Amino acid sequence: MNSFDLIIENGTVVTASDRFTASIGIRDGKIVQIGEKLEGAARVIDAAGRYVLPGGIDSHVHISQPQGPGIEMADDFETGTLSALYGGNTTVLPFCLQEKGQPLRETLKAYHALAEGNCYTDVSFHLIINDPSDSLLGQDLPALVADGYQSLKVFMTYEDLRLSDGEILKTLDVARKTGATVMIHCENEDAIRFLIEKHELEGDVKPRAHASTRPVAVEREATHRAITLAEIAEVPIVIVHVSNGQARDEITRARQRGLKITGETCPQYLTLTADDLDGMDWEGAKFVCSPPPRDEKEQEECWIGIENGTFDLFSSDHCPFRYNDERGKLSPKGKTSFRHIPNGIPGVETRMPILFSKGVLTGRISMERFVELTATNHARTYGLYPQKGTIAIGADADIAIWDPEVSRTIRHADLHDASDYSPYEGMEINGWPTTVILGGDVVIDNGTLTGKKGQGKYRSATPRKI
Ligand code: URP
Ligand code: ZN
Ligand code: ZN
């Protein structure tokens, strides 16, 4: 009888802290041995010349999230997780949006029904708290955190989603008591409204105005306020999708005061600019997301945050809409003004290849830092570590084998999401994950899908220690 179901040998194994050449022995979905030379497996993968990394974890994706009337998100759990898998991810964390007045258990039930049997990667959910009533904060949320739903997002922007400072404080207080992790979208909604009205009065309604009405100051102020609220509530928080140096510096200053603030940035803030929203014939709508891409100086500031450790998480904020579609970016209302263009861009498949190519292969960050930013810190932040996010004995055998010699040009036609464009179209990329292993099963084998829909399972999370 074989000792292992699978051995991966001769590859360079990289974790957030170490890099070594070793054989990895896998049995019953787990990593059971790491050694110089292992023998006796049903299958052996020779990873010579390739990197053997923990499967990517993208902790910021939107899938099947209900939108306003007439608008539909492009990806469901099948296409969203398939695209994630091809990009080297083995776990994604989508958001479950609470409708106003909806009990959270109903919200979760609906998302579980959408995900069940349809996923190619493992999934774990975040909640979006839209209606922080006394009963939600007093009973429902604490019970759910205890049941393994440990992370939630609150918004300071979007008319129909934003919470007041008082509501955020009360939510943070529950997080303090229960060990929940709160992610905050930091943009000042009143300032944005003011700027939108001004631009519309001047007849400036094109997609580019989306960026002009959400300037850096709007994000910096809200980031400062979110951190202040967390300081008052005495609880750690995650500042998501930071787009610029001024908001980044708010995190740095807070840490200097001893606060526990986790920072996240995304590929769009390293590679796109507000000028991309200027495209012909409303093409700029393809790049409308919030916060908006900035300029080259701010791209560099975000790189600095990646290099110096201010950012702990590198996520995609995958939020896909089709472009040429009445239910997407070119909805009838979306064509009348930037304010109605659905916010969000696809990117779950290209997240890691972009950072690998532009960060690791250029020498800006080490392989270890790459693993930390794309897998390990996501597992640590959202209660999935050490089962996920590392290569260690006892961990899930979720592994991506990267070939640094592969060169590709990003073309949406080659990607697997259900949108009809990529904001990164034409970008030259070096390095790509060619083989992906989920729970010990080879699910992408040298670029060919061998996994099955439904193979990805739901994973509950452990709350923060309090
Ligand atoms: O524009 C974006 N980022 N849409 C997704 C929702 C969010 O705020 O993360
Ligand atoms: Zn957000
Ligand atoms: Zn998002």
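Reply: A polar contact is a pair of N or O atoms within 3.5 Å; within protein, one atom must be able to donate a hydrogen and the other to accept it, and residues adjacent in sequence count only through side-chain atoms on both sides. This is a predicted model, in which local features need pLDDT of at least 70 and side-chain atom pairs count only at pLDDT 80 or more, while totals for chains, interfaces and linings use all residues. Residues are numbered from 1 along each chain as its sequence is written, chains are lettered from A and ligands numbered from 1 in the order written, and side-chain values use heavy atoms, without hydrogens or water.

Me: Which side-chain contact does Lys153 make with ligand 1?

Reply: A polar atom in the side chain of Lys153 lies 2.8 Å from an oxygen atom of ligand 1. The side chain of His185 likewise places an N or O atom 2.9 Å from an oxygen atom of this ligand. Asn343 contributes through its backbone, where a polar atom is 3.3 Å from a nitrogen atom of ligand 1. The protein buries 97% of the 260 Å² that ligand 1 exposes when taken alone (Shrake-Rupley areas with a 1.4 Å probe; for residues, only the protein chains shown count as cover).

Me: Which residues come nearest to ligand 1?

Reply: His62, Lys153, His185, Ser290 and Asp317 come nearest, out of 13 residues around the ligand; a residue counts if one of its heavy atoms lies within 4 Å.

Me: Which residues coordinate the zinc ion (ligand 3), and what is the geometry of its site?

Reply: His60 (NE2), His62 (NE2) and Asp317 (OD) coordinate the zinc ion (ligand 3) at 2.0 to 2.1 Å. Four donors are called tetrahedral if all angles lie between 85 and 135 degrees; the ideal tetrahedral angle is 109.5 degrees. This site has 4 donor atoms with angles of 90 to 123°, and is tetrahedral. The zinc ion (ligand 3) is 3.9 Å from the zinc ion (ligand 2). His60 in strand E6 (residues 56-61) and Asp317 in the loop between strand E14 (313-314) and helix H11 (351-360) are 257 residues apart.

Me: Is His60 buried or exposed?

Reply: Buried means under 20% relative accessible area, exposed over 50%, and partly exposed in between (1.4 Å probe, protein chains only). His60 is buried, because its relative accessibility is 0%. Asp317, at 8%, also counts as buried, whereas Ser64, at 22%, is partly exposed.

Me: How many disulfides does the structure hold?

Reply: There are 0 disulfides, a disulfide being a pair of cysteine sulfur atoms within 2.5 Å. For Cys289, the nearest cysteine sulfur belongs to Cys266, 8.2 Å away. Cys289 is buried, with a relative accessible area of 3%.

Note on methods
Donors are N, O and S atoms within 2.8 Å of the metal (3.2 Å for Na, K and Ca); water is not among the atoms, so sites may look incomplete. Four donors count as tetrahedral if all angles lie between 85 and 135 degrees; four count as square planar and six as octahedral if opposite donors are over 155 degrees apart and all others between 65 and 115; anything else is irregular. Helices (H or I, at least four residues) and strands (E, at least two) are DSSP runs, numbered from the N terminus.
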